[in-house]
Amino acid sequence: STYDLILRNADIATAGDRYTADIGVRDGRICAIAQGLDASAAREIDARGRLVTPGGVDGHCHFDQPTSDGSRFADDFLSGTRSAACGGTTTVLPFAAQQKGRSVQEAVDDYHRRAEGKAVIDYAFHLIVADATRDVTQRELPALIEKGYTSFKIYMTYDDLKLDDRQIIEVLATARRHGAMTMIHAENSDCIAWLTEQLLDAGLTAPRYHSSSRPMAVEREATHRAIALAELVDTPILIVHVSGREAVEQIHWARGRGLPIHAETCPQYLFLSAEDLGIDPDDPMHGARCICSPPPRDKANQQFIWNGLSSGLFTIVSSDHAPFNMNGSDGKRVAGDDASFDRIPNGIPGVETRLPLLMSEGVLKGRIDIHRFVELTATNPARLYGLYPRKGTIAVGSDADFVVWDVFPQGQEKLLSNDMLHHDADYTPYEGMRLRAWPGLTVSRGRVVWQDGVFQAEPGSGQFLPCLRPRAPNDGNPLDKWL
Ligand code: DUC
Ligand code: ZN
Ligand code: ZN
Ligand code: ZN
């Protein structure tokens, strides 16, 4: 037969189009898109009447990342990518994190070992630059960009990761010169340290004070500073995990000045609030399940994030999947059952629920349209990180990565529970939410990896993706802008 797989009568939605057609797949790629494709295939699947979107690209997730506090991420590259696939994601971009005093290359080698033989969908790496020495910015990063590591993440907070402003500038200058993308975690580290000390001195140690230690002003100031540094160096950046109104306003302001500032948000800022960190009388640690940074805000802030999704302010929606178990001694309880908020690992699981929640609460409730959904969750992350058009769309020549959706009628929603999920985390912060949609079928590079509730893929069948440069290198003088 001419094709390995034909998906018939698909109601295809991409960032720009909507039409019904058959998709012919050979050797992991889309070879034909036609109405009434006159060919046979080893396997045919009828998708009549069902919505089909590009496989999700999760531009921000953490798998198997070493920690410094004795805790352990609940997901490695097998359980993490399995969970992604069952939730309709076919490409992930986790991090290879440099340690201070070590080279970036060591981190790259280490993470390849962690992913190989395990990942079940395709993956690329962002480089966390934690030690921006001259050797790193002048030699290592340019060489790594050549090899397909074309995005960096840098932190303005966390003692073992943070860079000072001068170091941030050096990384941005390297990104500019070589055409890479820089993601910035924008929170003011000194403000957090001072507030944390004040809270602990006052005996305010419960999980909910995590959000008091990182108020919106802390994120607003750092967002503004990141924008100013990017403007100074004259290069695009992406502000990651934007949590609420005041950071949104900074980005809106920057865009109005014509600055190329991209922004990411995550489901936790749409569906969780600071109240979720509140005290459960039976379990003081309960709130730890929703501790992440920046912290979830309130309902009014959630609405600002929704507005930013529909208006075009946000470029991408990622999960920031960073799973720690609630039970056991190597997760959220690593510092004990009554640990103060500052000793609880930061992060929540979400790689599997990202697309279904945004489809249910966004598209099916009319807050964003289907094209914007595809753009935010697949096309834009692929573009931003140099994977488009191989990833992020349904087109002839692209990888055969797509999702066929099950949509449940109103009144027949499914209740989300952790038993349905395929990560190794022992909870989901979204337990009990009503789902209007879930992927019925996920195809990754032509392989059916998830169908009607059954996951099937060989560990290690995912491939490493070297990324192209997101844009042209610019070796002009950034000073030109200021003279
Ligand atoms: N915040 C981060 O910056 N990274 C991982 C998880 C989190 O909450
Ligand atoms: Zn971050
Ligand atoms: Zn994060
Ligand atoms: Zn993160």
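Q: Okay, starting point: two strands count as paired if DSSP finds at least two bridges between them. With that in mind, what order do the strands take in the open sheet of 3 strands?
A: The order is 6-7-9, and the pairing is parallel. Keep in mind that we're looking at a predicted model.

Q: Which strands stand at the edges there?
A: Strand 6 (56-58) and strand 9 (122-123). Each has a single partner strand, so one side of each is left without a neighbour in the sheet.

Q: And what actually holds strands together in a sheet?
A: Strands of a sheet pair through backbone hydrogen bonds, and the pairing can be parallel or antiparallel.

Q: How many bridges are there between strand 7 and strand 9?
A: There are 2, and strand 7 (residues 89-92) pairs with strand 9 in the parallel sense. If you want a spot to look at, find Val92, which stands opposite Tyr123 in strand 9.

Q: Which strands does helix 1 lie across?
A: Helix 1 (residues 77-86) lies across strand 6, strand 7 and strand 9. Its direction is at about 140 degrees to strand 7.

Q: How many bridges join strand 12 to strand 13?
A: Strand 12 (residues 181-185) and strand 13 (residues 237-239) run parallel and are joined by 3 bridges. Thr182 stands opposite Ile237 in strand 13.

Q: Now helices. At what angle do helix 2 and helix 3 cross?
A: Roughly 30 degrees, and the axes of helix 2 (residues 104-115) and helix 3 come within 10 Å. Angles under 35 degrees count as roughly parallel, so helix 2 is roughly parallel to helix 3.

Q: Which residues make that contact?
A: Helix 2 brings Val104, Gln105 and Val108, while helix 3 brings Val136, Glu140, Leu141 and Leu144. By class, the contact of helix 2 with helix 3 has 5 nonpolar, 1 polar and 1 charged residues.

Q: What about helix 3 and helix 4, at what angle do they cross?
A: The axes of helix 3 (residues 134-146) and helix 4 (residues 165-178) cross at roughly 40 degrees and come within 10 Å. That makes helix 3 oblique to helix 4. Helix 3 passes helix 4 in a right-handed crossing. On the helix 3 side, the contact is made by Thr137, Leu141, Pro142 and Ile145, and on the helix 4 side by Glu170, Val171, Thr174 and His178. These residues divide into 4 nonpolar, 3 polar and 1 charged.

Q: How far apart are the axes of helix 4 and helix 7?
A: They are 9 Å apart, with helix 4 and helix 7 (residues 216-233) packed at an angle of about 50 degrees. So helix 4 is oblique to helix 7, and their crossing is right-handed. The contact uses Asp165, Ile168, Ile169, Leu172, Ala173 and Arg176 of helix 4, with Leu229, Ala230, Leu232 and Val233 of helix 7. It has 8 nonpolar, no polar and 2 charged residues.

Q: Last one: what pLDDT does the chain average?
A: The chain averages 97, and 100% of the residues score at least 70. The model also scores ipTM 0.88 and pTM 0.98.

Key. Residues numbered from 1 in each chain as written. Chains lettered and ligands numbered in written order. Predicted model: local features only at pLDDT ≥ 70, side-chain atom pairs only at ≥ 80, totals over all residues. Axes fitted to C-alpha atoms, helices over the stretch in contact; angles between N-to-C directions. Helix = DSSP H or I, 4+ residues; strand = E, 2+ residues; numbered from the N terminus. Parallel < 35°, antiparallel > 145°, perpendicular 65-115°, else oblique. Left-handed = near helix turned anticlockwise from the far one by under 90°. Contact = placed C-beta atoms within 7 Å. Nonpolar A, V, L, I, M, F, W, Y, C, P; charged D, E, K, R; others polar. pLDDT = per-residue confidence, 0-100.
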